[in-house]
Each structure stands twice: as structure tokens, then as C-alpha cells.
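Student: I am new to this structure and would like to learn how its features are read, one at a time. Please give me the general idea before each case.

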Amino acid sequence: MDITYDYYRVFYYVARYGSFSRAAEALLKGQPNITKIINNLESQLGCKLFIRSNKGITLTPEGEKLYRHAEIAFENLEYAEEQIISERNLKGGLISIAATEYGLYGSLLSALTDFNRDFGGVKIRLANFNSPQSLEAVKNGVADFAVVTLHEKTDDIFRATKIRDFREILCCKKGYQYDRNNIFASPLISVNRSSYTYKHFREYLLSLGVHKEPDIEVATADQVLPLIKSGMGIGFVSEFMINESLANGEIEEIPLNILPLNRSICLVEDKSKGLSLAAKKLKEYICK
């Protein structure tokens with residue numbers, strides 16, 4: 001049955017206000033036009049929707065049934081309109097982000113602080129994954145974008161925007177005894193082998209002719225430093241995660257003749273999926 005949206009909208013407002021004249025005022029339509037639309041709707045449905053009397057109008061049983069469904073539909077539409085307007089004005093909305101520890105501490109945290117100060121009504125959902133897991137979250141629509149370190153060229157479905165380069169420093173507890181002629185004979189602490197960080201340093205060690213697996217594997221990059229501080233071994237940690245510990249003398253840098261290549265923190269999004277206005281604005285804060 002080909003009945004226009006406007007007919008149901010007029011019906012909803014007449015039933016909601018219990019008055020043709022009040023519905024006309026709310027919809028900015030003339031009352032004769034409202035009456036004509038209701039008459040046409042009743043004709044197409046083949047039943048009366050309202051009982052008119054000197055005391056006003058009431059719904060018929062058919063009208064009550066239609067109104068129950070119309071009320072749900074129009075309240076959902078009104079709620080959606082309010083959400084869209086709120087998000088457009090950055091007073092609401094939700095941004096889902098997947099991030100590694102390096103992504104969080106190296107870039108995302110400071111951007112989130114500034115963004116939350118300016119747009120506190122926007123909700124943030126932050127998930128902690130390694131880089132491969134973060135990319136999978138973006139691919140599956142679980143995250144709007146990811147802030148990660150990349151080990152190699154990403155899948156063509158992704159767009160990667162470089163945020164910053166950083167270096168990783170081999171360090172140990174202050175005073176830790178290691179063989180300067182055979183540094184990697186010491187216990188090596190590393191993020192587990194499912195991460196890009198593991199692959200990066202495995203290739204680095206192989207380039208030095210060192211065939212060594214980590215002695216201690218951890219789940220996340222921020223777990224490496226506490227183990228180093230405890231004297232359990234040596235490990236590579238990003239410069240922005242150890243500056244304070246270096247300054248206060250808890251740890252020390254182990255000098256290397258050949259340094260690992262610098263890496264990059266990137267914001268990765270799915271090319272085929274558009275970002276919400278709030279997510280676009282946060283991306284600006286992250287990438288500036």
C-alpha cells in the first residue's frame with residue numbers, strides 16, 4: 001500500500017495532541033490540510049481512525065493500534081534526529097579507538113586530553129590491542145580507527161597517516177651487570193611474538209647475526225619497563241616511556257654500535273568507511 005510518510009506523520013501528531021488544530025500548529029500546516037490528509041489516510045486504510053464529537057476527537061480501536069506503532073517509529077526518529085544534531089555540534093556521540101601502548105603514550109593520550117577538554121560531551125571507548133589486533137578491530141568495524149606502530153605495508157583496505165617517528169632504547173636497571181662484548185647474552189625481555197614489536201626486534205637481532213628468542217615475553221609494551229627496573233633483564237623500550245626513569249636514575253641506556261631503525265606511530269582507518277564528525281575532529285587533534 002503506497003501511503004506517504006507525511007500522512008503517518010500528520011496522523012501521529014493529531015493522535016498525540018488529540019486535536020486537529022494543535023497538530024496543525026505543530027506541523028505548520030493549515031487545519032483544512034490536516035483534515036484532508038486524515039480523510040485520505042482513512043480512505044486508503046479502509047477504516048476510521050478517529051471518532052469526532054463536540055467534545056473533541058478520540059482514537060478508534062484501529063486508530064489506537066496504528067498509533068502504538070507510529071509512536072515507537074516517530075519517537076525513534078526524533079531521538080535519532082537529536083543524536084545527529086548533537087553529534088554535528090560535537091555535544092554528543094561515541095568514538096571507538098583501538099590503540100597499542102606506544103600509540104597511547106606516544107600520541108593518543110595528549111590528543112585525547114585536549115579533545116576531552118574541548119568536547120567533553122563526546123564519549124570515548126578505548127581498547128588496548130597490539131597492532132595486528134587493532135587493525136582487525138578497524139576492519140571489523142569494532143573501532144573507528146586505530147593508533148598503532150606498523151611493521152610493514154598494511155592491507156589495501158586501510159589508509160595510514162603517520163603521526164610521528166620514535167626510537168626505542170635498549171636499557172637495563174641502573175648498575176645491572178651485563179657483558180659489554182656480548183650484550184644479548186643477558187636475559188632479554190620482549191613483547192610477545194604476536195606483536196609487530198617482536199617481529200621488528202627479531203629482524204634487528206638477525207641483522208646483527210644474533211639468533212636469540214626472548215627469555216621473558218609479556219603481553220603489552222608497558223609491562224617491559226617494570227621488569228627491567230626489577231633487574232630481571234634487558235629490553236627495548238620507546239623513548240617516550242622511559243624519559244622519567246632515565247632522568248631519576250632508575251634505569252640506564254645500554255649503548256649500541258648499530259641502532260634499531262626508528263619506527264612510526266600511525267593512525268589507521270578503513271578506506272571504505274567514513275568517520276563520524278566527532279571521529280574526524282579527534283583525528284585532527286591526533287594528527288596536528
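Tutor: We begin with exposure, where a residue is called buried under 20% relative accessible area, exposed over 50%, and partly exposed in between, as found with a 1.4 Å probe and protein chains only. Please keep in mind that this is a predicted model, in which local features need pLDDT of at least 70 and side-chain atom pairs count only at pLDDT 80 or more, while totals for chains, interfaces and linings use all residues. Residues are numbered from 1 along each chain as its sequence is written, and side-chain values use heavy atoms, with hydrogens and water left out.

Student: Is glutamate 284 buried, partly exposed or exposed by that rule?

Tutor: Glutamate 284 has a relative accessibility of 46%, so it counts as partly exposed. Lysine 281, at a relative accessible area of 25%, is partly exposed as well.

Student: How are the side chains of glutamate 284 and lysine 281 joined?

Tutor: They meet in a salt bridge, with 3.2 Å from N to O; the term stands for a side-chain nitrogen of Lys or Arg within 4 Å of a carboxyl oxygen of Asp or Glu. The two residues lie in helix α10, three residues apart, which is about one turn of the helix. Helices (H or I, at least four residues) and strands (E, at least two) are DSSP runs, numbered from the N terminus.

Student: How many salt bridges does the count come to, and which residues are joined into one network?

Tutor: The rule gives 19 salt bridges. Lysine 281 is partly exposed, as we saw.

Student: Which parts of the chain does the pair of lysine 283 and glutamate 269 tie together?

Tutor: Their side chains form a salt bridge with 2.5 Å from N to O. Lysine 283 belongs to helix α10 (residues 277–287) and glutamate 269 to strand β12 (residues 263–270), so this pair ties together parts that are 14 residues apart in sequence. Glutamate 269 has a relative accessible area of 4%, and is therefore buried. For a contrasting setting, take the salt bridge of aspartate 165 with lysine 162, at 3.4 Å from N to O: aspartate 165 is partly exposed at 41%, and lysine 162 is exposed at 51% relative accessibility.

Student: How much space lies in the largest cavity, and which residues line it?

Tutor: On a 1 Å grid over the protein atoms alone, a cavity is a set of points where a 1.4 Å probe fits but cannot get out, and lining residues have an atom within 4 Å of a point. Grid points are joined across faces, edges and corners, and a volume is the space filled by probe spheres set on the points. The structure has two cavities of 30 Å³ or more, and the largest holds about 90 Å³. Its lining includes Tyr102, Leu188, Ser190, Phe201 and Phe236, and strand β8 (188–191) and helix α7 (196–207) each give at least two lining residues. The largest share, four residues, comes from β8.

Student: Where does threonine 220 lie, and what does its side chain reach?

Tutor: Threonine 220 sits in the loop between β9 (216–218) and α8 (224–229), and at 17% relative accessibility it counts as buried. Its side chain makes a polar contact of 2.5 Å with the side chain of aspartate 222; such a contact is a pair of N or O atoms within 3.5 Å, where within protein one must be able to donate a hydrogen and the other to accept it, and residues adjacent in sequence count only if both atoms are side-chain atoms. Leaving aside neighbours within four places in sequence, threonine 220 is in contact (heavy atoms within 4.5 Å) with Glu101, Asn128 and Val191.

Terms used. 1 Å grid on protein atoms, 1.4 Å probe; cavity = no way out; pocket = protein on both sides within 12 Å on 5 of 7 lines; lining within 4 Å.
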